[in-house]
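User: Hi! I'm new to reading protein structures, could you walk me through one?
Analyst: Happy to, let's open it up.
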Amino acid sequence: MLMFGWTGVFLQVSLSKNKAVAESYDASLAPNFLGGRGFAAKILWDKLAIGIDPLSPENKLIFAAGPLTGFGLPNSGKLVVAAKSPLTGGYGDGNIGTLAAVQMRKAGYDAVIIDGKAKAPVILHVKNKTAEFIDAKDFWGLYSFETEAQLKKLYGRAAGIVCIGPAGENLVKFATVVSQEGRAGGRPGMGAVMGSKSLKAVVFEGSSDLPVAHPKEMKELGAEGYREVLAKPSYAFWKRQGTMSTVEWSQENSVLPTFNYREGVFDKAEKIGGFAMEKIKVSNRGCPQCNMTCGNVVKDCDGKQSELDYENVVMLGSNIGLGNLGQVAALNRVADELGLDTISLGNVLGFAMEASEKGLIDEKVSWGKFKETKALINDVAYRRGLGDVLAEGVQYAAAKIGGESSNWAMHVKGLETTAYDCHAAPAMALAYATSSIGAHHKDAWVISWEVQFGRGSYGEEKVDKVIELQRIRGGIFESLTVCRLPWVELGFELEWYPKFLYAATGMEFSWKTLNQIADRTFTLIRAFWVREYGRNWTKEMDIPPARWFKEPLTKGPLKGSKLDSVKYNVMLRKYYRKRGWDERGIPKKITLKKLGLSDVAKQLDKYVELSE
Ligand code: SF4
């Protein structure tokens with residue numbers, strides 16, 4: 001069937017057999033799941049054997065893009081990388097802004113699905129219809145930046161490259177996939193999955209024109225869209241600071257993770273904030289096809305370049321008690337070079353510092369010490385000593401260390417919380433708890449709305465807002481593989497996206513249809529988690545970390561605040577009802593049927609008895 005927008009082809013790669021086969025996929029997949037996360041969830045549900053070890057050859061590593069990627073449309077140069085997560089045992093994914101997304105689509109593929117394990121380290125080179133497996137022994141062990149630099153020398157600047165650093169090679173459970181010196185994705189260990197397959201990098205080169213339904217409209221819409229972004233009133237300040245101004249905002253509103261989320265304010269916040277960053281900034285960097293370029297490139301205390309945003313600065317700054325931005329930037333660069341997720345890293349480091357302070361571990365790990373922290377980061381990537389324990393993630397580390405440490409191991413479902421303290425933010429806590437991959441803000445960054453709306457409530461409006469954001473951000477944007485920031489930060493209107501979709505695919509998508517696609521994907525991902533956990537699945541999987549319920553803030557304007565467990569549970573039940581899930585957080589048969597997932601219901605019923 002002739003398709004527009006989508007290429008209609010997946011590349012199936014077996015690293016065990018050195019084989020790559022292009023396959024047309026069922027055309028009904030495209031309008032029902034869109035691309036990116038939607039495709040990844042469907043492929044993993046359909047094709048992944050249940051209960052496999054995520055670091056075994058059986059796992060499938062998927063790179064998937066949406067139908068807008070590769071066209072000249074604002075902020076559309078992204079792909080999703082997904083697999084069963086070695087960190088959580090559930091569904092894992094992340095998006096990366098990378099030329100690899102554009103080149104993969106121009107090579108003719110909507111997704112590349114990789115399984116097996118190479119006999120020796122390998123680089124996969126996909127160039128249009130050909131795929132070759134290149135000996136990577138000279139690359140194994142290299143930092144991610146160096147890997148990409150060398151591959152650029154071989155394949156040219158236009159090649160799209162994703163790779164891993166030593167952390168991925170050493171199977172650190174929160175190793176990421178890295179591209180373009182600082183763009184990284186796949187927090188729940190997608191880099192470790194890549195490493196487990198002995199796959200150092202994938203290089204994409206493509207030269208085909210993408211099939212487009214309305215080429216003239218596409219061109220005009222793209223140009224108009226970019227102009228609209230430039231015309232937004234907050235554009236100029238965004239270019240100055242990107243997400244970094246959130247540091248000051250979080251401090252003001254007492255949501256800035258500090259000392260392993262003990263507090264929501266940090267004495268040295270202004271030293272790591274947006275204006276401090278401007279003093280050491282040298283340039284902007286960004287994803288392809290983006291004129292917002294939010295990566296703040298700064299000179300770090302080692303004299304090297306590091307790309308900063310809010311999350312990495314807070315997790316490697318206030319959360320570990322470090323108030324020197326040049327040093328924070330150096331830690332961030334080291335983590336990117338090693339291929340470690342900076343968020344989970346800052347989280348496990350804060351945990352280790354608290355464990356050391358409380359005498360639960362023999363190692364001396366102090367708050368805010370630059371040199372010692374840098375050494376520990378290397379220990380994590382190379383799995384030495386305490387670093388080896390932390391490399392397994394905070395949930396594992398707490399189980400190993402014991403004491404009361406699981407109360408302040410900050411994660412949901414095994415994925416470390418990101419840079420928003422929730423002592424006084426019930427909606428954000430719900431967003432973390434019900435996110436598709438574990439504690440991540442990507443699906444529903446509800447905190448900014450919650451601060452305006454009011455912190456104390458656990459009401460229905462908060463549940464509705466979380467679901468609304470999960471649909472737009474976690475469902476639609478992640479499946480179209482476009483960046484959420486134009487909408488979130490500049491107010492770029494949502495109405496643009498159905499127009500882009502129409503120009504690309506020739507199909508009209510109403511918001512009702514798009515929301516239903518989002519719900520289908522979200523519910524399928526929940527089904528994946530439940531299928532993997534089987535009878536071990538409980539509603540406790542959707543409860544945020546105990547610290548936020550048990551230990552009130554002791555400083556700042558919201559001193560004394562903590563979450564209320566009874567009210568949270570009522571809110572969670574409301575959330576389940578609105579999602580059409582039962583009291584255990586498991587989708588009901590009727591919900592699955594309504595979303596066109598009757599086959600999923602049939603299968604899931606074998607593992608956990610489904611409610612009608
Ligand atoms: S706004 Fe930032 S994250 Fe989004 S596409 Fe542009 S550079 Fe990438």
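User: Great. What kind of model is this, and how do you count things?
Analyst: This is a predicted model, where local features need pLDDT of at least 70, side-chain atom pairs count only at pLDDT 80 or more, and totals for chains, interfaces and linings use all residues. Residues are numbered from 1 along each chain as its sequence is written, and side-chain values use heavy atoms, with hydrogens and water left out.

User: Where does the ligand sit?
Analyst: In the largest cavity. A cavity is a set of points on a 1 Å grid over the protein atoms alone where a 1.4 Å probe fits but cannot get out, and a molecule sits in it if more than half of its atoms lie within 2 Å of its grid points.

User: Which residues surround the ligand?
Analyst: Asn75, Lys78, Arg183, Gly286, Cys287, Cys290, Met292, Thr293, Cys294, Cys483 and Leu485. Each has a heavy atom within 4 Å of the ligand.

User: And what classes does the shell have?
Analyst: The shell has 6 nonpolar, 3 polar and 2 charged residues. Here Ala, Val, Leu, Ile, Met, Phe, Trp, Tyr, Cys and Pro count as nonpolar, Asp, Glu, Lys and Arg as charged, and the others, Gly among them, as polar.

User: New topic: which residues touch the most other members in the largest nonpolar core?
Analyst: Phe39, Tyr91, Leu340, Met428, Tyr497, Tyr568 and Tyr575 do, in a core of 168 residues. Helix H22 (residues 511-533) gives the largest share of this core, 10 residues. Apart from this core lies another one of 31 residues, including Leu11 and Val177. A nonpolar core is a set of buried Ala, Val, Leu, Ile, Met, Phe, Trp, Tyr and Cys residues joined through side-chain atoms within 4.5 Å. Buried means under 20% relative accessible area, exposed over 50%, and partly exposed in between, using a 1.4 Å probe and protein chains only.

User: How many residues of helix H17 are buried?
Analyst: 9 of its 9 residues, from a helix spanning 426-434. Among them are Met428, Leu430 and Tyr432. Their cover includes H22, helix H19 (460-480) and helix H24 (565-579). Helices (H or I, at least four residues) and strands (E, at least two) are DSSP runs, numbered from the N terminus.

User: What does Tyr568 touch?
Analyst: Beyond residues up to four places away in sequence, Tyr568 touches Ala429, Leu430, Ala433, Tyr458, Asp542, Ile543, Pro544 and Phe549. Contact means heavy atoms within 4.5 Å.

User: Is Leu124 buried or exposed?
Analyst: Leu124 counts as buried because its relative accessible area is 0%. It lies in strand S7 (residues 122-127). Leaving out neighbours within four places in sequence, its contacts include Val13, Ile114, Phe133 and Leu199.

User: What about Ser144?
Analyst: Ser144 is in helix H4 (residues 144-155), and it is buried because its relative accessibility is 1%. Past its neighbours within four places in sequence, Ser144 is in contact with Cys163, Ile164, Gly165, Val178, Asp336 and Glu337.

User: Last one: where does Arg383 lie?
Analyst: Arg383 lies in the loop between helix H14 (370-382) and helix H15 (386-390). Its phi is near 55°, a positive value in a residue other than glycine. Arg383 counts as partly exposed because its relative accessibility is 22%.

Notes. On a 1 Å grid over the protein atoms alone, a cavity is a set of points where a 1.4 Å probe fits but cannot get out, and a pocket is an open set with protein on both sides within 12 Å along at least five of seven lines; lining residues have an atom within 4 Å of a point.
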